[in-house]
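Please go through them with the coordinates open beside you.

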Amino acid sequence: MEHNRFAYSAIVDRPPLRLPDGARVAVWVTPNIEHFHYDKPAISITPMTAGMQPDVLNYAWRDYGARVGVWRLMEVLEKHGIRATAALNSEACDYYPEIVKAGTAAGWEWMAHGVSNSMLIAGLSQDEEQGMIAGVLDKIEATAGSRSRGWLSPALTESHITLDLLAAAGVEYVADWCNDDQPYRMTTNAGSIVAMPYTLEVGDIPVFLERGGSGEDFFRVVVDQFDTLWEEGAKTARVMSIALHPFLIGHPFRARYLDRAFAHMKEREDVWFATGSEILDWYNGAASD
């Protein structure tokens with residue numbers, strides 16, 4: 001079957017897009033603020049204990065992000081004057097309200113990220129999924145003071161009707177579809193929703209966990225991605241996502257390389273560090289011109 005959400009579009013055939021103030025590339029920094037259940041398996045640093053209950057080793061490794069890593073990440077972002085768009089589990093509002101409070105004070109945008117990263121969007125009935133989406137959006141709004149305009153599913157999982165339910169709930173952009181360097185419109189039965197360029201490649205999970213890379217490897221990936229998109233952005237605008245997880249990038253020996261990568265990007269002119277909503281508003285205006 002086909003998804004019928006969008007038609008194929010080659011980026012070389014599209015009319016040029018121009019970012020605000022002549023920027024070539026919009027840099028979209030997306031920390032993931034997640035909650036993991038103590039008695040369920042999740043992303044792990046080692047498979048040795050991943051099947052155990054409880055899995056203290058991997059649970060505690062993830063928990064470092066909320067206790068320590070996210071605060072180090074906030075300091076790096078503040079140093080460079082970058083406002084993040086954080087993918088936020090609604091359960092994190094209950095377990096880590098201090099993080100939400102600090103991120104809100106720093107001007108972060110909160111992109112809804114499901115209930116927790118121990119619960120994927122799979123096997124739910126339509127009513128259950130609809131209720132889950134409403135509950136996530138309501139919880140984040142009650143805690144952060146603003147309603148999420150964007151959505152990133154836990155582990156980027158969707159059902160066949162997730163996009164329809166998100167659009168019906170008022171969500172304006174979704175980051176699950178990592179297939180472009182520009183935003184584009186997707187069709188739903190409740191109107192269109194914008195696919196925002198997220199990444200499965202330029203982030204701490206693929207570099208550190210999947211490839212066993214070092215901090216220098218991470219720096220090189222981020223900088224090479226940025227430099228290429230900046231060069232290509234002279235012809236048409238590009239969006240660069242950097243996906244971060246505090247339990248990985250928040251360690252001291254890694255955070256210093258994120259700091260270096262941001263410093264490199266800040267040396268360039270014609271760069272727009274933007275939130276998801278800022279990119280969405282620009283795209284809605286540019287696409288209607």
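1. Contact, as the word is used throughout this note, means heavy atoms within 4.5 Å. The structure is a predicted model, and the points that follow should be read with that in mind.

2. I would begin with Ile11, which lies in the segment before strand 1 (25-33). Once its neighbours within four places in sequence are left aside, Ile11 is in contact with Asp180, Asp181, Gln182 and Arg238. With a relative accessibility of 23%, Ile11 counts as partly exposed, because the buried class is kept for residues under 20%. Ile11 and Leu244 are 233 residues apart along the chain, and their C-alpha atoms are separated by 26 Å.

3. Turning to the helices, the axes of helix 1 (residues 56-79) and helix 3 (residues 97-105) come within 11 Å and cross at roughly 5°. Angles under 35 degrees count as roughly parallel, and helix 1 and helix 3 are therefore roughly parallel to each other. On the helix 1 side the residues in this contact are Ala66, Val70, Trp71 and Met74, and they meet Glu98, Ile99, Ala102 and Gly103 of helix 3. Sorted by class, the contact of helix 1 with helix 3 holds six nonpolar residues, one polar and one charged.

4. Helix 1 also packs with helix 9 (residues 252-267), at an angle of about 25° and with the axes 10 Å apart. Helix 1 and helix 9 are therefore roughly parallel to each other, and the crossing of this pair is right-handed. Here helix 1 contributes Tyr64, Arg72, Leu73, Val76, Leu77 and Lys79, whereas helix 9 contributes Pro252, Ala255, Leu258, Asp259 and Phe262. The residues in the contact of helix 1 with helix 9 divide into eight nonpolar and three charged, with no polar residue.

5. How many disulfides does a search of the whole structure find? The search returns zero, where a disulfide would be a pair of cysteine sulfur atoms within 2.5 Å. As for the cysteines themselves, is Cys93 buried or exposed? Cys93 is buried, with a relative accessible area of 4%, whereas Cys178, at 28% relative accessibility, counts as partly exposed.

Methods:
Residues numbered from 1 in each chain as written. Predicted model: local features only at pLDDT ≥ 70, side-chain atom pairs only at ≥ 80, totals over all residues. Heavy atoms only, no water. Buried < 20%, exposed > 50% of the residue type's maximum accessible area, 1.4 Å probe, protein only. Axes fitted to C-alpha atoms, helices over the stretch in contact; angles between N-to-C directions. Helix = DSSP H or I, 4+ residues; strand = E, 2+ residues; numbered from the N terminus. Parallel < 35°, antiparallel > 145°, perpendicular 65-115°, else oblique. Nonpolar A, V, L, I, M, F, W, Y, C, P; charged D, E, K, R; others polar. Left-handed = near helix turned anticlockwise from the far one by under 90°.
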